[in-house]
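Open the model in your viewer and keep the sequence panel beside it. This tour moves from one selection to the next.

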Amino acid sequence: MNLPISQLIPILCLIVFLSSGSAALAQNARNGNTFQTGNELGLPLQSTPGTEFGAISSNVKVFGALNSAESCIYDAERELIIVPSQGVRQTIQENDGYISLINTDGTVHTVRWIGVQNTQQRETLNPKLVLNDPLGSEIAGGILYVADRDGGTDSSAPSIAVIRRFDLKTGRPLEDVRLEDSPWINDIAVAEDGTIYTTQTGDMGPDPDPQSWLVWKITPEGRISIFSVAGPIDKPNGIAIDPEGNIVVANFGNHDILTYSPNGELLKTEKALQPGSDGLEILPDGTKYISSVTHGGVSRIRPGEEAELIAENIPSAASMCYDPDNNQLIIPMTSQSSLAFIPLD
Ligand SMILES: [Ca+2]
Ligand SMILES: [Ca+2]
């Protein structure tokens, strides 16, 4: 073919256009569908281009939304309670966890904020969304942290602890932290400098190995190490940072509530009124609230005082959170897929 240059230019332009178009298509296929959060209650449930969202009428109150929720965390910016649901076990269905936004009166704001997509749709998202069996949750530095795990789908797929991170504003998944040497983690706390502490409750059956009871530390640079193992640590569950920046651990295995300095020195041992601790919340004045997941009571320990029970017989009282705007504790009752609210005085 011997064409004059004036005829070649449009053909070359067309080739460039087509090749850039196919490159864009390939890029889109690689990137998958854009990650989106779910809408608050209304229609449509998920943002759809070209469709206007209509919020549910203000005279409609909705309750429910949860499925085996183990923890909650108060989002002071939104004035909403963030609640991760585990869904079913890994052996039944992977990646079915989701995160709800609950109003402070217990009504539902958003059933599925993170995790509006089904398992198959999540595979194609960019960034990809994975939320398997989320347990403890925490907010720090504009990031939502959730203790989760991968694997555990059958005996050939070992369970590995993973800390999921999400941008608190947009809900977009950020980089995970994988703890290759831990099968699963329970609760999570983040210090002011960004250091993450997380509990590995470990062996709970007869003849347990105390070396499996430990607290992990992850530096802001991502270095993973053991903060504390065995000793006074007995099946650690709840973890929180106190107003002095110390690390407080609630043992599931006995009554002890342990306070450690950031360099790992045991500073104080207090006692909850019941063993089986799960939830641990520390208020700005240093008052500790501890829920027993096995005995159903909530212990309050005011600084320098003995523990007192402020509520009893709450079924599977797990990793609670505190709402300072309404001065109330919120307790996920995992086995009941419900939230308990306790106004404080
Ligand atoms: Ca699940
Ligand atoms: Ca817990």
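Which residues point one way from strand S23 (residues 298-301), and which the other way? Select the strand and look along it. Val 298 and Arg 300 point one way, Ser 299 and Ile 301 the other, and all are buried. Strands here are DSSP runs of E with at least two residues, helices are runs of H or I with at least four, and both are numbered from the N terminus. A residue is buried if 20 or more other C-beta atoms lie within 10 Å of its own, exposed if 12 or fewer, and partly exposed in between, with C-beta atoms placed from the backbone.

A word on the source: this is a predicted model, in which local features need pLDDT of at least 70, side-chain atom pairs count only at pLDDT 80 or more, and totals for chains, interfaces and linings use all residues. Residues are numbered from 1 along each chain as its sequence is written, while chains are lettered from A and ligands numbered from 1 in the order in which they are written.

**Partners of S23**

S22 and S23 pair in the antiparallel sense over four bridges; pairing requires at least two DSSP bridges between the strands. Ile 290 of this pair stands opposite Ser 299 in S23. Five residues lie between the strands of this hairpin, where Gly 296 takes a positive phi near 80 degrees.

S23 and S24 run antiparallel and are joined by four bridges. Val 298 stands opposite Ala 311 in S24. This hairpin also has five residues between its strands, and Gly 304 in the turn has a positive phi of about 75 degrees.

Ser 316 counts as buried because 20 C-beta neighbours lie inside 10 Å.

Next, select Asn 327, in the loop between S25 and strand S26 (328-333). Asn 327 is not a glycine, yet has a positive phi of about 45 degrees. Is Asn 327 buried or exposed? Asn 327 is exposed, because 12 other C-beta atoms lie within 10 Å.

Go to Gly 238 in strand S17 (residues 236-241). Gly 238 has 31 other C-beta atoms within 10 Å, so it is buried. Beyond its neighbours within four places in sequence, its contacts include Asp 187, Ala 250, Leu 280 and Ile 290. Contact means C-beta atoms, placed from the backbone, within 7 Å.

Select Cys 72, Ile 239, Val 248 and Val 249. These have the most contacts inside the largest nonpolar core, which has 70 residues. Such a core is a set of buried Ala, Val, Leu, Ile, Met, Phe, Trp, Tyr and Cys residues joined through C-beta atoms within 7 Å. Outside four places in sequence, Val 248 is in contact with residues including Ile 239, Ile 257, Leu 258 and Ile 282.

**Two cis bonds**

Select Leu 43 and Pro 44. The peptide bond between them is cis, with omega near -5 degrees. Pro 44 is in the loop between strand S2 (42-43) and strand S3 (54-55). The bond from Asn 126 to Pro 127 is cis too, with omega near 0 degrees.

**Zoom out**

Show the whole protein chain: two helices and 27 strands. Its C-alpha atoms fill a box of roughly 95 × 50 × 40 Å along the principal axes.

Terms used: Contact = placed C-beta atoms within 7 Å.
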